[in-house]
Amino acid sequence: MVTELQIPPLLTRVVLAASLLSTAILVGCDSKSQVAAEPEPVGGPTVMRRLTESQYRATIADIFGADIPVVARFERGLRAEGLLAIGTGESGMSPFSIEQYDAAARSVATAAVSPGKRAVLLPCQPQDDQIFDAGCAERIVSDYGLRLFRRPLSSAEQDQFVATVQQASEQLHDFYAGVKHALVGMLMSPDFLLRIERSTAGESDTDGELQKLDAWSKASRLSYFLTNSTPDVELLRAAAAGELDSEDGLQRQVERLIRSPRFEAAVRAFFEDMLQYERFADLAKDPSIYPAFNSQVAADAREQTLRTVVDHLIARQGDYRDLFTTRKTFLTRSLGIVYRLPVVTRNGWEETQYPPDSHRVGIQSNIDFLALHSHPGRSSPTLRGEALREIFLCQEVPDPPANVNFAVVQDPSNQSMPTARDRLTAHRTEPSCAGCHKIMDPVGLTLENYDGLGSYRTHENGALIDSSGSLDGPDFNDVDGLAQALHDHPETPRCVVEKMYRFAVGRDTVWDERAYMDYLIHRFVDVGYRIPELMQTIALSKNFFAINPDSGHGVTNKHASAATEKEVRL
């Protein structure tokens, strides 16, 4: 029997991709295909993940209130295996992070015990706020310990934090100052900042003993996957009652979370990760070339696509693939200037449709994607082609060789080569460049009708732009053809399924999970490519909670610095 360790990691991913591709093709040909039952769980290792900034802020808001300030700056997350959700399990904490977590903890705790909030946020008040009250301290520590640690405190932890309240209260003659110090200690604890998963004995499989997440870890994994925040009171109650260990109890909680308003935040979090939105922190455009660009345009561009995603996938329960062909969108006046479309609404958002002659169709033609994958002063068919393949098709493009000469393609003033297509054609004569550009340029050049900001144009340096291209077979002449090719590509649904599962469990898939991935793609096809149903399938599956300590993790750091290295692309 061939084990995972005997197979090179790259070959493992290639074979898995081929298996899923054939599956997608087969199920796509038969709309009445029957979905097989979920295969026996394989499981992976427990994962210890750092809270992302959005998860941290949402957790504080859900526990203390949306108006409680979080005074801190967060470091950018590590992107590993294409997702920040995986990088949160691999990145460490720098001294800067510790300082910022301390600042955030102090700002939250100070606000929570302030005179205007203590009566609302604390479950009890002492008879004399200058004297330590043991009973009230124990109640506060127990209540916030459960919610912040996402599990009950141990006896030792309970005693430790109550002692903190007592010591600070007696030294400062202020009970609430003691509570503040205890809250700061909880907020600085690894049990709050990290999602530490714990396992218990589980079912046996043919290879040995599997484990499963304990009830509290299960509640945490469910909640952060389906709401991007901490377990609420009802989910914690269900975990304490053992209801998450039964199929009916688990299903009730999953369906409740998906129906809740908090579900939108989870969908947003996934697409923010998938679309690499952390890169907005570094987005810059030459103001002399793109005077319409500013921080408001950047923020609105990001929100535009997220609003489209939420409206299409949640409100209208649409087919995921239709995100690449939809003309429905949302605009503000600042975006209307860039798109050259009228926006009647003076302040706020306006639901609209891209006109047929606007040369806009699908989220890949929105300026967030086009601007992020361009240079500060010009567009880049190579960066855009690479992004289309890696983000939406999960096709990894190798890094460029270290000795590549970019002089030709980086000189848009060359009158003999006025368009990017001309310059790239000359560049591809170098044998070391031809292979990668063959898969990036044909699709990226179709987006050359958009400049480095994303505004539509027909000419570059006075020469007519040729926007013809192809994507793994189909040839097309414009963005409408590209949109349909992305919609119909068999890797499009497979990619989002794979990324969604990896996002949910915080790790890369392992070789033995290929049958489970086949199951997920079959289910995704069967439910009409609907994202909420995909997330429900994952949340209800046994593999989502199965733990196999002996399984290979499958995660490497090979993508950790990929974003930086690829900035030199054409």
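Which cysteine does a disulfide join to Cys394? The partner is Cys495, with an S to S distance of 2.0 Å. Keep in mind that this is a predicted model.

I'll stay with the disulfides for a moment. The structure holds two of them, and counted along the chain, the bonded cysteines pair as 1-2, 3-4. In the Cys394 pair, the torsion about the S-S bond is about 75 degrees, so this disulfide is right-handed. Cys394 sits in the loop between helices H17 and H18, and Cys495 in helix H21, so the bond ties together parts 101 residues apart in sequence. Cys394 is partly exposed, at 23% relative accessible area, whereas Cys495 is buried, at 0%.

The other disulfide joins Cys124 to Cys136, S to S 2.1 Å. Its torsion is about 105 degrees, so it is right-handed. Cys124 is in the loop between H5 and H6, Cys136 is in H6, and twelve residues separate them. Both cysteines are buried.

Next, the nonpolar cores. The largest has 95 residues, and those with the most contacts inside it include Phe225, Phe271 and Ile538. Apart from it lies another core of 43 residues, among them Ile60 and Leu148. Going back to Phe225, its contacts include Ala266, Met500, Phe503 and Ile538.

Last, some helix details. H14 has 21 residues and should span 30 Å; its end C-alpha atoms are 28 Å apart, which agrees. At its start, a side-chain oxygen of Asn294 comes within 3.0 Å of the backbone nitrogen of Gln296. Just after H14, Gln317 has a positive phi of about 50 degrees. Ser260, in the loop between H12 and H13, is buried at 16%, and a polar atom of its side chain lies 2.7 Å from the backbone oxygen of Leu257.

Definitions and conventions
Residues numbered from 1 in each chain as written. Predicted model: local features only at pLDDT ≥ 70, side-chain atom pairs only at ≥ 80, totals over all residues. Heavy atoms only, no water. Helix = DSSP H or I, 4+ residues; strand = E, 2+ residues; numbered from the N terminus. Buried < 20%, exposed > 50% of the residue type's maximum accessible area, 1.4 Å probe, protein only. Polar contact = N/O pair within 3.5 Å; in protein donor to acceptor, adjacent residues only side chain to side chain. Expected span 1.5 Å × (residues − 1). Core = buried A, V, L, I, M, F, W, Y, C linked by side-chain atoms within 4.5 Å. Contact = heavy atoms within 4.5 Å. Disulfide = S-S within 2.5 Å. Lists of a residue's contacts leave out its neighbours within four places in sequence.
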